[in-house]
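User: I am new to this protein and would like to walk through it. Could we take it one place at a time?

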Amino acid sequence: MGESEAQRIFLLYNVGTSKAWGGSTVFWQVDVGGRVRVGKVMGYDPKTGHRVKEPKPQVAWIHSLMGIKLDLRQCLFGEHLLRQYSTKQVVIVESEKSAMIGAWKMPQYVWLATGGMQMLKPTEALRDRDVILIPDLGAEETWRARMGQFRAICGSVTLFGGLTKIATEEQRQMGLDIADFILMEPTVGMVVEQMKQLNPELAEFILALQLTPISTFEGIPEGWRVPAQESDDSTPLLNN
């Protein structure tokens, strides 16, 4: 992704930092009216990019860490973007990190996250919006059972079950999500960083010429590979 693009995505989603556990991520939930609801603090392994779950999960609420009593009323992560991008189709995933990766790869859609498999529920902020649900592997039936609730509010709602079709048995057991599949193939930026480590002189050459990696859509399964520069709001994300 690169530092500048990562910073852009972090600012877009109001992602912050906490001192908890020696350094962790704060996913602020800001509703469609611009009100800050809560901040979820999560620890990540900087080498793997995965959540820290051992010896116990590093997850907490910012108000709890600060000793503040709060009537917890969550909203969708990224919900504030619905007003800013009022005509874009909406994609809902489970993980905050996955929503951000989706926004980077396919910015022609508004990517939101529930923050948990059981947290999928309709909200007034989604009224009349066209919504695509993309559950993690293993959560498809749970999310499918709730589609009726969304039809009463949304303009349309579609569930994409394509991950189940392309996943191996091991991947299903791991409960991978769409971001895992997007990142399975290295991006141009990742390849360049690997080349820099192998040949330090290459890093000086790139810096001298101010070269910038161009991201690709390798690793995105055929059927929903939609280059952002060639798409518009009417382009379907998924051919189910």
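User: Which residues does Arg 51 touch, leaving out those up to four places away in sequence?
Analyst: This is a predicted model. In it, Arg 51 touches Met 42, Gly 43, Tyr 44, Pro 57 and Val 59, not counting residues up to four places away in sequence.

User: And where is Arg 51 found?
Analyst: Arg 51 is in the loop that runs between E3 and strand E4 (59-61). The C-alpha atom of Arg 51 is separated by 9.9 Å from that of Ser 24, and the two residues are 27 apart along the chain.

User: Why is Arg 51 classed as partly exposed?
Analyst: Arg 51 has a relative accessible area of 33%. Partly exposed covers values between the 20% limit for buried and the 50% limit for exposed, so Arg 51 belongs there.

User: What kind of peptide bond joins Glu 54 to Pro 55?
Analyst: The bond from Glu 54 to Pro 55 is cis, with omega near 0 degrees. Pro 55 also lies in the loop between E3 and E4.

User: Back to Arg 51. Which residues lie nearest the centre of the second largest pocket?
Analyst: Arg 51, Lys 53, Ser 95, Asp 136 and Asp 177 lie nearest its centre, out of 21 lining residues. The space in this pocket is about 560 Å³.

User: What classes of residue make up that lining?
Analyst: The lining of the second largest pocket divides into nine charged, six polar and six nonpolar residues.

User: What happens at the start of H4?
Analyst: There, a side-chain oxygen of Ser 95 reaches to within 3.1 Å of the backbone nitrogen of Lys 97. Ser 95 is also one of the residues that lie nearest the centre of the second largest pocket.

User: Which residues touch the most other members of the largest nonpolar core?
Analyst: Tyr 13, Ile 92, Trp 111, Leu 126, Leu 133 and Ile 134 do, in a core of 48 residues. Several elements each supply at least two residues of this core, including strand E5 (90-93), strand E6 (110-113), strand E7 (130-133) and H9. The largest share of the core, five residues, comes from H4.

User: What does Tyr 13 touch?
Analyst: Not counting residues up to four places away in sequence, Tyr 13 touches Trp 28, Phe 77, Gly 78, His 80, Leu 81, Ala 99, Met 100, Ala 103 and Trp 111. Of these, Ala 99, Met 100 and Ala 103 are buried residues in H4.

User: New topic: is Gln 29 buried or exposed?
Analyst: Gln 29 is buried, because its relative accessible area is 2% and buried means under 20%. Gln 29 lies in strand E2 (residues 24-30). The side chain of Gln 29 makes a polar contact with the side chain of Gln 74, at 3.0 Å.

User: Which residues other than glycine have a positive phi?
Analyst: Trp 21 is one of them, with phi near 55 degrees, and Asp 128 is another, with phi near 65 degrees. Trp 21 lies in the loop between strand E1 (15-18) and E2, and Asp 128 in the loop between E6 and E7. Trp 21 is partly exposed, with a relative accessible area of 38%, whereas Asp 128 is exposed, with 59%.

User: How many cavities of 30 Å³ or more does a search of the whole structure find?
Analyst: The search finds one. The largest cavity has a volume of about 40 Å³. Residues that line this cavity include Pro 135, Asp 136, Phe 160 and Thr 164. Asp 136 is also among the residues that lie nearest the centre of the second largest pocket.

User: Last one: what does the secondary structure come to?
Analyst: The protein has eleven helices and eight strands. Of its 240 residues, 45% count as buried.

Definitions and conventions: Residues are numbered from 1 along each chain as its sequence is written. This is a predicted model: local features need pLDDT of at least 70, side-chain atom pairs count only at pLDDT 80 or more; totals for chains, interfaces and linings use all residues. Side-chain values use heavy atoms; hydrogens and water are left out. On a 1 Å grid over the protein atoms alone, a cavity is a set of points where a 1.4 Å probe fits but cannot get out, and a pocket is an open set with protein on both sides within 12 Å along at least five of seven lines; lining residues have an atom within 4 Å of a point. Grid points are joined across faces, edges and corners, and a volume is the space filled by probe spheres set on the points. Ala, Val, Leu, Ile, Met, Phe, Trp, Tyr, Cys and Pro count as nonpolar, Asp, Glu, Lys and Arg as charged, and the others, Gly among them, as polar. A nonpolar core is a set of buried Ala, Val, Leu, Ile, Met, Phe, Trp, Tyr and Cys residues joined through side-chain atoms within 4.5 Å. Buried means under 20% relative accessible area, exposed over 50%, partly exposed in between (1.4 Å probe, protein chains only). Helices (H or I, at least four residues) and strands (E, at least two) are DSSP runs, numbered from the N terminus. Contact means heavy atoms within 4.5 Å. A polar contact is a pair of N or O atoms within 3.5 Å; within protein, one must be able to donate a hydrogen and the other to accept it, and residues adjacent in sequence count only if both atoms are side-chain atoms.
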